[in-house]
Amino acid sequence: MLDFFTIFSKGGLVLWCFQGVRGPAATAPVNALIRSVLLQERGGNNSFTHEALTLKYKLDNQFELVFVVGFQKILTLTYVDKLIDDVHKEFRDKYRNEFQQKGALGLLNGTFDFKDDFMRLLRDAEESSKVRAPTVMKTFEQSLKSQKTVKCMIETRGEKPKEKVKNKKNKGSKKDGTEAVAAPSKASAGDKQLSVAGDKEELTKDEILQKNREEFFRRHMKAGEKSRSPKPDAQKEKGKKPRVWDLGNSNAKVLDYSNSATNGSAEACPVEEFDPDTALGDKNREPGRLYDLEYESDDEAEEEKVVQNPSKPSVKKGGLGGMFGMLKGLVGSKSLTREDMDPVLEKMKDHLIAKNVAAEIAVQLCESVAKKLEGKVMGTFTTVTSTVKQALQEALVQILQPQRRVDVLRDVMDAQRHRRPYVVTFCGVNGVGKSTNLAKISFWLIENGFSVLIAACDTFRAGAVEQLRTHTRRLNALHPPESHGGRTMVQLYEKGYGKDAAGIAMEAISYARNQGFDVVLVDTAGRMQDNAPLMTALAKLIAVNAPDLVLFVGEALVGNEAVDQLVKFNKALADHSMAQTPRLIDGIVLTKFDTIDDKVGAAISMTYITSKPIVFVGTGQTYCDLRSLNAKAVVAALMKA
Amino acid sequence: AMAGGLEPHLEALRRELRGPAVLSVLIALIAVAVTFLIWRFVQGRRSSRKAVLLLGLCDAGKTLLFARLLSGRYRDTQTSITDSSAVYRVSRDKSTNVTLIDLPGHESLRLQFLERFKAAARAIVFVVDSVAFQREVKDVAEFLYQVLVDSTVLRNAPALLVACNKQDVTMAKSAKLIQQQLEKELNTLRVTRSAAPTSLDGSATGGPAQLGKKGKDFDFSQLPMKVEFVECSARGSKGEEGEADLEGLEKWLAKVA
């Protein structure tokens with residue numbers, strides 16, 4: 001049923017391969033797997049689809065091996081995960097010597113005769129998935145219901161509705177209370193016990209009061225966890241208390257919390273004196289003025305205090321085990337486990353999010369790094385933190401490295417040779433700096449001796465055409481035709497407002513071809529990514545005019561929105577294109593880089609989502625504020641504490 | 001009283017120090033220090049630059065070349081994610097060894113690995129896919145340019161061999177043609193790379209290093225290191241079972257070691 005199973009080293013040598021019945025060569029799909037998943041740090045989930053095949057893989061980080069299995073996408077094989085694990089263990093144990101002692105030469109010269117073992121494991125896995133007796137239904141005697149007494153299930157008619165309502169209210173408020181309390185302090189054992197106790201409907205009035213008292217103490221006195229946890233225990237051990245069902249034995253009086261006077265009477269509440277001062281609050285308020293939002297930071301401070309408390313007992317628990325682990329780590333034979341890495345990865349994830357990396361991308365990145373490090377043997381005198389940091393740094397540099405060549409001038413020269421203009425389109429949401437950066441890029445191109453035609457395809461925003469006209473005038477003043485052999489270096493092609501952008505772009509390109517312009521820069525209107533008609537219009541512009549470079553302009557201030565923007569833009573471009581391989585975003589221009597100090601996470605979010613390079617970085621509003629990305633500097637700023 | 005207690009001790013110490021023991025202690029210390037320095041120096045000399053790096057684009061054939069040189073057999077390969085290194089005995093009679101290091105060619109990894117290993121490079125083999133060369137000439141030239149303008153490489157000037165691989169395919173370009181095309185391409189790249197916008201932290205992308213001589217067309221002879229072009233075929237013209245055609249490469253390796 002499998003198409004193939006390959007085992008190869010991370011250095012690229014195939015150690016053993018099993019070709020299934022009719023499978024094609026395994027090289028191409030596995031290469032696609034490596035390039036799209038492993039090298040782009042999307043190693044979070046371990047399956048990947050390539051054409052008609054599903055590929056599942058497993059990394060062995062200790063001996064630097066990769067195990068890949070491929071099978072048809074339409075099949076759902078349940079035994080594959082188990083098979084990979086078994087094969088991994090067997091292979092590793094069988095050839096442990098080759099890996100450990102001889103290194104690369106061992107891999108090269110060793111013969112890995114694994115076929116028999118593999119067939120055996122495959123047979124076992126297939127059989128284990130087939131043999132499964134249908135689950136037998138439980139008989140009535142075995143169920144819990146038969147063990148309850150009849151008496152507790154009797155409901156007394158009259159009191160039922162009121163008590164039920166009150167019960168629900170109590171349950172609801174109690175659950176909210178415990179949830180709100182449990183939420184900020186997830187990791188603590190004491191809270192778990194409290195919520196468990198709460199779920200067990202053992203509430204009498206006393207217990208409710210007791211619990212409220214405890215919450216009060218904890219919140220305001222910052223009492224330690226340990227003092228609280230004996231209390232629920234003590235309560236439970238008070239002797240076997242009979243179960244008190246709200247529906248059954250207790251009477252209404254216990255549960256009636258309403259005010260005695262207000263039960264159904266017409267004058268609901270005593271007439272209170274209306275004090276206009278207290279009602280209106282601030283005496284110094286100017287009538288008609290709109291005040292700003294007041295930012296309350298009290299809640300957050302409280303939550304932080306609550307969070308810090310629970311983290312202490314878990315640290316104390318790990319004391320002795322941590323000591324041994326540290327010593328072993330110093331000696332250098334410790335292999336990394338998930339538990340070791342989790343706290344460090346959590347911290348790194350929070351650090352990345354604090355540096356403005358989109359949250360889901362930070363999560364995926366940390367997952368991928370964890371997968372890459374699991375089982376790896378640390379060197380001498382390296383701590384878990386330093387290993388994880390190192391791996392994360394490498395992963396970030398890897399993401400920021402361009403997957404394709406980034407050399408606009410070279411491509412313009414090529415187009416020049418073929419006597420056609422090089423067309424660049426700028427797209428993005430509103431207000432990110434498209435027109436400003438377009439002007440900067442045209443300045444840079446003019447400095448390098450290329451003539452530029454600016455196509456004003458933003459026919460919607462008021463003043464867009466005038467803005468570009470002003471830029472054209474300034475650029476021509478900076479580079480007059482006299483200094484370039486009588487040739488106007490930059491010209492604006494515009495047709496006013498309200499016209500169809502795609503049509504203007506097409507006319508501009510043919511005008512440039514006739515007049516011999518080297519580059520055409522097409523400025524489009526800003527549009528929100530979920531505005532479907534506008535996205536269709538943009539996709540049509542790009543599909544019809546087939547520009548050489550589609551640049552997405554994004555600002556460095558954007559946070560989690562970057563992911564949404566890029567995904568939706570790409571999707572729109574792919575959906576509305578008629579071609580087999582649709583034109584997607586080819587590069588990113590990261591603008592307003594001077595407004596962020598070192599919160600440079602937007603660069604990572606954008607390159608991770610699209611795997612396209614950042615072609616330019618805008619660092620200001622003058623013509624010289626155009627830079628190219630330096631991956632190492634950005635990663636250094638990201639990892640800086 | 002304290003001072004009085006210390007006095008006789010100080011006197012004893014002074015008497016001790018004046019003896020010949022002092023001199024021998026000093027000499028011993030100096031000997032140790034000198035040995036340590038010599039050892040460090042020798043270590044440095046020996047471990048620096050014993051490596052031959054295999055660089056090139058993805059799918060150029062570096063890993064197969066590595067396997068053939070070391071074991072002589074054909075192996076299936078996948079895209080490399082990490083480096084592999086092994087000691088290669090240059091020829092049967094000489095006993096010199098070099099460490100062959102096969103670096104991944106994928107775009108997101110190659111610069112990182114180059115950074116790591118460039119200081120140890122005694123020679124660089126730049127593997128080029130002769131069949132896909134026409135299509136990939138710009139990418140090949142860009143990578144070669146990045147290798148050549150690297151400051152460490154310029155300083156150490158390791159010998160460079162451009163191995164035009166996959167010569168067993170009939171459509172493969174010859175080494176001469178590849179050399180000419182690369183020279184033309186690098187000539188253009190010099191201009192465009194130095195004109196690219198400066199990097200974020202202020203350092204220019206092309207570095208202050210200028211490739212070759214200004215004013216004249218770029219030529220591989222203008223580089224500070226020796227550059228040779230050789231044709232080879234890792235797969236071998238007789239298919240997977242046959243021998244690889246690596247004579248030129250092996251001869252060059254013997255020369256360089």
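**Exercise 1. How many salt bridges link chain A and chain B?**

Step 1. Mind what you're working with. This is a predicted model, where local features need pLDDT of at least 70 and side-chain atom pairs count only at pLDDT 80 or more, while totals for chains, interfaces and linings use all residues. Side-chain values use heavy atoms, without hydrogens and water, residues are numbered from 1 along each chain as its sequence is written, and chains are lettered from A and ligands numbered from 1 in the order in which they are written.

Step 2. Count: seven salt bridges run between chain A and chain B. One to look up pairs A:Glu394 with B:Arg116, whose closest N and O atoms sit 3.8 Å apart.

**Exercise 2. Which parts of chain A touch chain B?**

Step 1. Taking contact as heavy atoms within 4.5 Å, you get 50 residues from chain A and 46 residues from chain B.

Step 2. Now get the area. Buried area is the accessible area (1.4 Å probe) that two parts lose on being put together, summed over both; here that's about 4,000 Å², with 55% from carbon and sulfur atoms. On the chain A side, A:Leu108, A:Arg405 and A:Arg410 lose the most, together 15% of what that side buries.

Step 3. Assign elements, using DSSP runs numbered from the N terminus (helices: H or I, at least four residues; strands: E, at least two). Those of chain A that each supply at least two residues include strand S2 (14-19), helix H1 (27-38) and helix H16 (384-400). H1(A) gives the largest share, six residues.

**Exercise 3. At what angle do H16(A) and H23(A) pack?**

Step 1. H16(A) and helix H23 (residues 601-610) of chain A come out at about 65°, with axes 9 Å apart.

Step 2. List who touches: A:Leu396, A:Ile399 and A:Leu400 from H16(A), against A:Ala603, A:Ile604, A:Thr607 and A:Tyr608 from H23(A).

**Exercise 4. Which parts does the pair A:Asp117 and A:Lys94 tie together?**

Step 1. Check the distance: this salt bridge is 2.7 Å, N to O.

Step 2. A:Asp117 belongs to helix H4 (residues 115-130) of chain A and A:Lys94 to helix H2 (residues 80-94) of chain A, so the pair ties together parts 23 residues apart in sequence.

Conventions
Salt bridge = Lys/Arg side-chain N within 4 Å of Asp/Glu carboxyl O. Axes fitted to C-alpha atoms, helices over the stretch in contact; angles between N-to-C directions.
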